[in-house]
Amino acid sequence: MSTIAIITGDIVDSTKLNLAERDIMINALQAIPEILSPFDRIYMEIFRGDSFQIRIHRADIAAKAAISIRAWLRSQIELSGKEPLDARIAIGIGSADYESDSLSTSDGEAFRLSGRLLDKMHKARLAVATPWPQVNEELRLSTAFVDDIISSWTQNQSKIMLLRLQTAKSHLELSQILDISRQMVDKSMKSSKEELIESYIDRFEKIIIEHNGKS
C-alpha cells in the first residue's frame, strides 16, 4: 500500500475579509495546483469557500509543498489593516486505504491524520503527523520553528522564497527574473532564513523516504 501525503488547510481569519479580499482569497486558492505543479502530481479540492485538501503522490515533498502554499498566500496583495493572507496547514503522511473520485469521500491513514491534526491546531499554522512516533517527535519542534519563520515573511520575502522553492535558481538568477538587485535578493533571503528553511525541507524529505522504505 503506497504512502501519500494529505494536506488539509483553511484560511486564517477568513470571516474578517471583505468582498474584495475574499475574491483575492478564492483566486489564490484556485491557483494552488499551478503553484505546486513543479513538484509533483497533486489533486486538490476546495470546500466551504475557505478550506482545501490536497493529495500529494510523493509524501516526501509535502513540506516543500506546504511551505510554498503559505509563501504563495502571503505573497498576495496586502490586506488593508490586516495580516497577510495565510493558512493553517496540517500535513498527514500515511496510507490511502480507499480513494474515490473525491477527496471528501476517500479515506485512509493520511486523510485521518491530516484532518484530526488540523482540528487540534490553534495558533500554529503548520504541523505534521506521520505513523512513526520517532518521526513525529523529531519534526514537532523543527516544524514549529519553521512555522514561526514563515509567519514573519513579508509580501516581497514570500514572493522571492516561493520562486526559490519552485525553481531552485541562484540568487543572481532570481534577481534577473524579478528585475531587482542581487543585493536585495541576498538581503531578503537572509532575513527569510532561507538556509534554515532549505535544511528543514531536506531533512523532511530524507526522513520520510527512510521510514517509508521501512514500512
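Student: How much space lies in the largest pocket?

Tutor: A pocket is defined on a 1 Å grid over the protein atoms alone, as an open set of points where a 1.4 Å probe fits, with protein on both sides within 12 Å along at least five of seven lines. Grid points are joined across faces, edges and corners, and the volume is the space filled by probe spheres set on the points. Here the largest pocket holds about 300 Å³. This is a predicted model, in which local features need pLDDT of at least 70 and side-chain atom pairs pLDDT 80 or more, while totals for chains, interfaces and linings use all residues. Residues are numbered from 1 along each chain as its sequence is written, and side-chain values use heavy atoms, leaving out hydrogens and water.

Student: Which residues are closest to the centre of the largest pocket?

Tutor: Lining residues have an atom within 4 Å of a point. There are 17 of them, and Leu-117, Ala-127, Val-128, Ala-129 and Arg-140 are the closest to the centre.

Student: Which element gives the largest share of that lining?

Tutor: Helices (H or I, at least four residues) and strands (E, at least two) are DSSP runs, numbered from the N terminus. Helix H4 (109–120), strand S5 (126–129) and helix H5 (133–150) each give two or more residues to the lining of the largest pocket. H5 gives the largest share, seven residues.

Student: What is the volume of the second largest pocket?

Tutor: The second largest pocket has about 230 Å³. Its lining has 13 residues, with Thr-8, Phe-47, Arg-48, Gln-53 and Leu-118 nearest the centre.

Student: How many salt bridges are there?

Tutor: Side chains of opposite charge can pair when their charged atoms come close. The rule asks for a side-chain nitrogen of Lys or Arg within 4 Å of a carboxyl oxygen of Asp or Glu. The count is twelve. In one of these, Arg-164 meets Glu-194 at 2.8 Å, N to O. Arg-164 lies in helix H6 (residues 155–167) and Glu-194 in helix H9 (residues 194–214), so this pair ties together parts 30 residues apart in sequence. Arg-164 also forms a salt bridge with Glu-198, with the closest N and O atoms 2.8 Å apart.

Student: Is Arg-164 buried or exposed?

Tutor: Buried means under 20% relative accessible area, exposed over 50%, and partly exposed in between (1.4 Å probe, protein chains only). Arg-164 is buried at 15%, as is Glu-194 at 7%, whereas Glu-198 is partly exposed at 25%.

Student: Which residues are linked in a network of salt bridges?

Tutor: The network links Arg-70, Arg-74, Asp-86, Arg-125 and Asp-147.
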